[in-house]
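I opened the file to see how the chain is put together. My notes follow, in the order I looked things up.

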Amino acid sequence: MEFIKYDALENDYLVLDPASCDLTLDPAVIRRICDRRHGLGSDGILYGPHLDDGQYGLRIFNPDGTECEKSGNGLRIFARYLRDAGYVTAGTAQVYLMMSDAMVDVAYLGDQDDLIQVAMGQYTLRSSEIPVLLELPVVLGVKMQVGQHSLTASCVNLGNPHCVVLDLPVTENTARTVGPALCESDLFPERVNVQITRVVDRQTLEIEIWERGAGYTLASGSSSCAAAITCHQLGLVDAEVTVHMPGGTVGVQIDKASGVHLTGPVKAVFAANLSQDLNSYLAKDK
Ligand SMILES: N[C@@H](CCC[C@H](N)C(=O)O)C(=O)O
């Protein structure tokens with residue numbers, strides 16, 4: 001049973017291919033595998049491809065054991081795996097997101113399969129579809145108090161839910177304090193990914209991230225899109241934006257007709273097998 005690790009700007013995922021895996025991925029097993037001290041360590045697990053109906057089916061798990069609908073970097077990493085493992089030889093492919101029942105297009109833009117673009121699709125700003133429990137049809141630039149934090153929030157759902165904060169210092173400390181306060185707030189019944197965001201200029205954003213189910217991460221693809229979409233809606237940036245994160249930089253393009261596209265590099269880190277000790281621990285856990 002082989003685990004292959006890739007990182008997309010230090011947002012790292014383990015790919016587990018059902019063709020070579022006999023593990024039952026229950027939450028305790030996922031938490032142990034993603035644990036950075038006692039497991040292999042990662043920001044999540046990409047479980048696929050499930051090859052039913054000739055599609056490349058994908059399930060995405062957060063390191064806390066929850067399953068999530070979508071991940072921008074996860075999709076780019078999974079696309080790279082499909083190419084590396086010989087499933088895909090063309091310049092484009094489609095991935096089927098099993099939890100969301102949605103197809104996603106990916107494109108290989110670099111010679112080494114390094115630069116990968118994912119069509120993140122359409123998004124919604126409707127409060128009921130984020131979901132965010134405020135008596136407002138949309139939440140864009142809304143001042144609120146969450147615990148001890150006063151902030152201005154904008155919400156978007158791109159398959160997964162996001163809350164973008166525009167008026168606080170863009171630091172790891174803000175992400176680590178305001179992030180969990182928003183993520184666990186009663187306002188967000190499905191919890192939320194949080195982006196502490198600064199508009200650098202009309203083409204550039206800087207963000208720090210707190211991810212639902214993962215905590216502080218060094219990069220996030222869907223978070224970059226969420227920050228770009230909400231800032232564009234507020235008239236602060238153009239439709240093509242570069243987003244800087246501690247782990248690196250991605251490009252986001254917003255287009256009414258074709259939706260949102262996310263582009264950035266993916267690097268292979270390692271391929272590894274579980275030790276006998278970890279295998280026995282996981283078997284015991286079941
Ligand atoms: N790292 C991701 C986002 C992963 C999903 C998120 N934690 C959630 O639960 O929605 C990305 O690159 O988009």
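Before anything else, a note on terms: the domain bounds I use come from an automatic or database domain assignment. This is a predicted model, so I took local features only at pLDDT of at least 70 and side-chain atom pairs only at pLDDT 80 or more, while totals for chains, interfaces and linings use all residues. Residues are numbered from 1 along each chain as its sequence is written.

**Domains**

I find the chain divided into domain 1 (2-114 + 266-285) and domain 2 (127-265). Their C-alpha centres lie 24 Å apart. For contacts I ask that two C-beta atoms, placed from the backbone, lie within 7 Å. On that basis the contact takes 23 residues from domain 1 and 22 residues from domain 2. On the domain 1 side, α2 gives the most, with three residues. Helices (H or I, at least four residues) and strands (E, at least two) are DSSP runs, numbered from the N terminus. I also sorted that side of domain 1 by class: seven nonpolar, eight polar and eight charged residues. Here Ala, Val, Leu, Ile, Met, Phe, Trp, Tyr, Cys and Pro count as nonpolar, Asp, Glu, Lys and Arg as charged, and the others, Gly among them, as polar.

**Ligand**

Where does the ligand lie relative to domain 1 and domain 2? Both domains give residues to the shell around the ligand, so it lies between them. I count a residue as near when its C-beta atom, placed from the backbone, lies within 6 Å. The shell has 16 residues, and the closest are C68, N73, N160, G221 and S222. The elements giving two or more residues are α2 (72-84) and α4 (221-233), and α2 gives the most, with three. The shell divides into two nonpolar, 12 polar and two charged residues.

**α2 against α4**

I checked how these helices sit together. Their axes come within 5 Å and cross at roughly 135°; axes are lines fitted to C-alpha atoms, for helices over the stretch in contact, and angles run from 0 to 180 degrees between N-to-C directions. α2 and α4 are therefore oblique to each other. For the wording, under 35 degrees is roughly parallel, over 145 roughly antiparallel, 65 to 115 roughly perpendicular and the rest oblique. G72, N73 and R76 in α2 meet G221, S222, S224 and C225 in α4. That contact divides into one nonpolar, five polar and one charged residue.

**M245**

M245 is in strand β15 (residues 240-245). Is M245 buried or exposed? M245 counts as buried because it has 26 C-beta neighbours inside 10 Å. My cut-offs are 20 or more other C-beta atoms within 10 Å for buried, 12 or fewer for exposed, and partly exposed in between, with C-beta atoms placed from the backbone. Leaving out residues up to four places away in sequence, M245 touches L9, I207, I209, L218 and A219.

I looked at two cis peptide bonds. One joins G48 and P49, with omega about 5°, and P49 lies in strand β3 (residues 45-50). Another runs from I130 to P131, with omega near -10°; P131 is in the loop between β8 (115-121) and β9 (142-146).

E10 has phi near 70° and is in the loop between β1 (2-8) and β2 (11-16). D53 has phi of about 55° and is in the loop between β3 and β4 (56-61). With 7 C-beta neighbours inside 10 Å, D53 counts as exposed, whereas E10, with 15, is partly exposed.
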